[in-house]
Amino acid sequence: MKILSVVGARPNFIKIAPFIRAIAEHNAKHPNPSSPSPSLNLEHILVHTGQHYDDKMSKAFFDALDIPKADINLGVGSGSHAEQVGKTMIEFEKVLKAEKPVWVVVVGDVNATLACSVTAKKENIKCCHIEAGLRSGDLSMPEEINRLVTDRLSDLLLTPDNLSIENLRKEGVPEEKIRFVGNIMIDTLEANRQKAAAIPMFHVLKRNALLDHQIRPDILDEHYAVMTLHRPSNVDDKIIFSSLVHFLTREVSHELPLIWPIHPRARRNLEQFGLWQEVLEQKNMVLLHPVDYHDMLRLNMGAKVMLTDSGGLQEECTVLGTPCLTLRWNTERPITLKEHGGASVLVGNNIDRIRQEYKITLSQKRLPVRPELWDGHTAGRCLQAIINYTH
Ligand code: UD1
């Protein structure tokens, strides 16, 4: 059986790595290619749409997570959403016509997820969505549109938690399409936890810092904050981004050293909005290039507090127990919030609210929690759901 899986942007790489490993393990157990049962012989093709193309956003993750080089790269690159989705569909259609897979597997909620699920269904190919059922209810987020369309079209919806199953039921998705498999990101976290823990903090700073003079040998675990920002709602609006940056530079970094791996979208806007010099000059801030998977995990493991608008980091903070301020007004991952037992609080981009919650988190202890089936074995369940699919 031929399975074609798709990745496009950074968070996808983290989700696909364990799935590819699960296929390799399955094939090692079923080595006979002339077996009478076709589903036992899995041929896998990896397609990279090319949405994220910088070495630090893409290759660094393939290398760190032992993902084999993509068989096909669509070379889509940057552009508006319509351009990215349109180009991906045009190129992906050619791939499907040539390869004729039985399944297309898409992960997460990026533009590749949407473009490739639509193209697969138009070619009458079965589609499986890993990380189905997440809903923020906020249609101003491009990712929410991607999730809704992908879930509406997919044949097999593999969910990370029970709240996602409820979302799908409310939308009328037939029960036989839904499987609760757990969170595949946590497979990657568990497989890499030890390696990340062994990295000295100083090495993380030294190899990723933008400016040599910001590399601080004295930064200790539980005595620094980490921040990541990339959502258009935070970094594309000059007034919002400026007030966040002023709060960070004038308040957060006065209390704790603030480590900030800067996403290309955020960096471009810092420069455009005239904020770049202000962050460069901060003494208690450490600006980093985008960091690889292990370095990010290491930063998260030792952070006193995480400030982020990334969904994946919210999930990782839950399992690591890092107090997390989610710089968004809503989340498609409510299971990561304190009210559902997680480590995260929604603070939006209102400075008073962020300040208030930031003070609270400073007095909190690390409290790891593990939602059901976030056990490091989700990828195997994903693959089994595909193999067992009978419709
Ligand atoms: C995308 C995903 C988002 C995900 C995020 C993780 C969508 C709709 N959004 O957002 O869900 O959380 O990735 O990073 O798919 N750029 C580079 N180098 C690169 C890639 C991008 O410089 O390797 C620049 C682009 O030119 C663009 C900006 O970064 O100006 C944003 O990239 P884009 O792919 O449009 O979306 P992200 O904001 O990264």
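This is a predicted model: local features need pLDDT of at least 70, side-chain atom pairs count only at pLDDT 80 or more; totals for chains, interfaces and linings use all residues.
Residues are numbered from 1 along each chain as its sequence is written, and side-chain values use heavy atoms, with hydrogens and water left out.

Select H52 next. One of its polar side-chain atoms lies 2.8 Å from an oxygen atom of the ligand, a polar contact (a pair of N or O atoms within 3.5 Å). Move to D54, where a polar backbone atom is 2.8 Å from a ligand oxygen atom. Then pick H230: a polar side-chain atom there lies 2.9 Å from an oxygen atom of the ligand.

Now turn to the helix pairs. Helices here are DSSP runs (H or I, at least four residues), numbered from the N terminus. Axes are lines fitted to C-alpha atoms over the stretch in contact, and angles run from 0 to 180 degrees between N-to-C directions.

Select residues 111-122 (helix α4) and 142-153 (helix α5). Their axes come within 9 Å and cross at roughly 25°, so α4 and α5 are roughly parallel (under 35 degrees). Show the side chains where they touch (heavy atoms within 4.5 Å): N111, T113, L114, S117, V118 and K121 of α4, with N146, V149, T150 and L153 of α5. By class, this contact of α4 with α5 has four nonpolar, five polar and one charged residues. Nonpolar here covers Ala, Val, Leu, Ile, Met, Phe, Trp, Tyr, Cys and Pro; charged covers Asp, Glu, Lys and Arg; the others, Gly among them, are polar.

Go on to α7 (residues 184-197) and α13 (residues 293-302). The axes of α7 and α13 come within 9 Å and cross at roughly 80°, which means that α7 is roughly perpendicular (65 to 115 degrees) to α13. Residues to display include M185, L189 and R193 of α7 and Y293, L297 and M301 of α13. The α7 contact with α13 has seven nonpolar, three polar and three charged residues.

Finish at α10 (residues 238-255) and α15 (residues 351-362), which pack at about 25° with their axes 11 Å apart. That angle makes α10 roughly parallel to α15. Among the residues that meet are F247 and V252 in α10 and I354 and Y358 in α15.

Technical notes: Helices (H or I, at least four residues) and strands (E, at least two) are DSSP runs, numbered from the N terminus. Angles under 35 degrees count as roughly parallel, over 145 as roughly antiparallel, 65 to 115 as roughly perpendicular and the rest as oblique. A polar contact is a pair of N or O atoms within 3.5 Å; within protein, one must be able to donate a hydrogen and the other to accept it, and residues adjacent in sequence count only if both atoms are side-chain atoms.
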